[in-house]
Amino acid sequence: MNRNNFATFESRKTADTSTDLMDTIRILWADDEIDLLKPHLLFLQEKGYDVTTTTNGGDAFEQFKKHNFDIVFLDENMPGLSGLETLSRIKNLKPEIPVIMITKSEEESIMEEAIGSKIADFLIKPVNPNQILSSLKKNLENKRLISEKTASAYQQEFRNIGMTLSDKLSWKEWIDVYRKLVYWELELQKSNDESMYDILTTQKSEANKLFSKFIENNYLSWLKNPDKDIPVMSNQLMKKKILPVIDESPDPVFMILIDNLRYDQWKILQPILSEYFRINEDELYFSILPTATQYSRNAIFAGLMPSEIEARFPNLWLNDEDEGGKNKHEHDFLADTIKRFRKEYKFSYTKVTNHQEGKDLVENVPNLLQNKFNVIVYNFVDMLSHARTEMEMIRELADDEAAYRSITLSWFEHSPLFEALKKMAEKKIRLIITTDHGTIRVKEPTKIVGDKTVNTNLRYKQGRNLNYDKKEVFEVKNPADAMLPRQHLSQAFVFAKQDNFFAYPNNFNYYVTYYKNTLQHGGISLEEMIIPFAVLTTK
């Protein structure tokens with residue numbers, strides 16, 4: 001564990017974690033039997049709460065209009081203005097203030113009406129002081145208590161992850177480490193504890209540094225020895241994961257490939273989909289290098305490595321130097337793979353690159369249900385990451401990882417893809433959700449020199465006469481070793497590691513300023529290489 005990280009952790013650990021109330025919380029309590037509740041009121045006052053009482057709904061609403069309260073307790077059965085009527089008026093005036101309904105009645109209709117009016121809690125008389133205190137903490141201090149609990153739990157896990165990273169990890173252990181890092185990243189984001197989130201970010205950066213070394217030491221040997229214990233990679237996904245799902249399913253199978261979807265993005269989409277689907281498998285697999293669409297996605301559909309695709313389809317494969325779209329023949333590769341594995345599926349392939357194509361997909365779902373296997377490539381997240389580089393507005397909206405996830409979630413909830421998935425959920429189907437690669441927010445420039453034929457990607461470079469610092473890259477001098485096409489005798493591939501990106505010495509400062517903190521893919525990082533594969537069924 002890095003000493004600086006440890007010092008930061010220790011200083012955060014010993015920071016003041018007092019749970020005393022920061023400000024006096026003001027409570028409005030309306031009950032026609034308020035005199036019988038004096039023990040409760042004294043109990044709350046001793047705890048530091050400021051309680052204002054009334055004996056009817058009308059007075060309660062007048063107090064509510066005149067003063068600022070943090071929470072309201074309402075008796076359901078009061079003379080004059082009833083508890084439910086008072087609740088309605090309070091919610092119309094200040095809908096954000098939590099209201100706790102207290103009643104003697106256990107009638108289901110009253111509970112349903114109160115809950116439908118968005119009460120914060122529902123208590124049955126007689127209530128005891130601890131019930132009241134529990135409801136207060138749940139509604140007013142919930143975020144703070146969860147934040148403190150989350151920070152405390154991560155403080156313990158920090159050491160465990162640090163000790164794990166000091167070991168020589170297998171690919172399976174790297175998947176486990178990445179799962180934990182993403183879990184804590186999402187939990188700490190919810191807790192709004194910036195100092196602990198910063199520590200997590202530092203630990204994740206350290207993990208990426210070690211992961212890059214792991215890939216350097218193992219990637220080429222995985223390709224040479226595919227029968228050994230190696231992770232499922234892009235070129236094996238169809239054979240090892242997708243075709244078995246189709247063979248086992250009595251129902252139509254839809255495969256949704258959301259281009260450029262990271263594991264953390266998948267985890268924030270998962271709860272929404274859980275309302276419509278049961279998640280049977282939630283796994284991770286490895287993208288091949290380069291972690292760029294023209295390599296990894298073609299490898300998925302062809303079931304082959306790039307050099308094998310070029311050999312099998314010399315007229316369809318395009319290299320970086322070639323003009324034209326590099327992913328225009330995925331349907332042909334998919335058809336060949338299905339035929340090569342002697343499957344007789346009726347299948348479809350649909351690519352969605354704009355909103356209208358998404359709307360067309362929604363309309364076409366009934367027709368797709370007639371096929372055994374349907375592939376849908378959805379390009380939104382990839383377009384979002386590119387827009388993050390090119391558009392100032394998107395740069396501001398997706399300024400950090402939490403904001404980037406938020407935009408992804410908002411897009412999905414209002415997308416034609418979600419509409420299509422809800423339509424699919426009405427029928428018995430099997431659903432695969434996956435991606436071709438992830439993306440990383442780049443921060444540190446790595447200088448490289450090359451001629452005009454060198455590709456433009458910021459995370460990998462290929463070409464002749466490349467000049468770079470070997471310590472800063474993963475170097476593949478012979479493309480055949482990485483099963484990549486070779487166009488020239490002196491051609492090499494180099495991959496950026498961690499959160500580095502390639503920059504040319506010419507106009508270096510401008511180039512670095514423009515691309516720093518943008519989302520890129522093609523190189524080696526946990527975010528780019530370890531990516532989701534999930535299998536779902538309709539409920």
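Trainee: Which residue stands opposite N467 in β14?

Mentor: V449 stands opposite N467. Please note that this is a predicted model, in which local features need pLDDT of at least 70 and side-chain atom pairs count only at pLDDT 80 or more, while totals for chains, interfaces and linings use all residues. Residues are numbered from 1 along each chain as its sequence is written, and side-chain values use heavy atoms, with hydrogens and water left out.

Trainee: How many bridges join β12 to β14?

Mentor: Strands (E, at least two residues) and helices (H or I, at least four) are DSSP runs, numbered from the N terminus. Two strands pair if DSSP finds at least two bridges between them. Two bridges join β12 (residues 444-449) to β14, and these strands run antiparallel. They belong to an open sheet of three strands in the order β14-β12-β17, with mixed pairing. Because β14 (467-468) and β17 (500-503) each have a single partner strand, they stand at the edges, and one side of each lacks a neighbour in the sheet.

Trainee: Do β8 and β9 run parallel or antiparallel?

Mentor: Strands β8 (residues 347-352) and β9 (residues 373-378) run parallel, joined by six bridges. Y378 in β9 is the bridge partner of V352. With helix α15 (residues 355-368), the two strands make a right-handed β-α-β unit; right-handed means that, with the strands pointing away from the viewer, the path from the first strand over the helix to the second runs clockwise.

Trainee: Is Y263 buried or exposed?

Mentor: Buried means under 20% relative accessible area, exposed over 50%, and partly exposed in between (1.4 Å probe, protein chains only). Y263 is buried, because its relative accessibility is 3%. This residue lies in helix α11 (residues 263-273). The C-alpha atoms of Y263 and I531 are separated by 5.5 Å, although the two residues are 268 residues apart along the chain.

Trainee: Which residues touch the most other members of the largest nonpolar core?

Mentor: A nonpolar core is a set of buried Ala, Val, Leu, Ile, Met, Phe, Trp, Tyr and Cys residues joined through side-chain atoms within 4.5 Å. In the largest, of 109 residues, F211, I215, Y219, F286 and F301 touch the most other members. Helix α9 (residues 194-224) gives the most to this core, with eleven residues.
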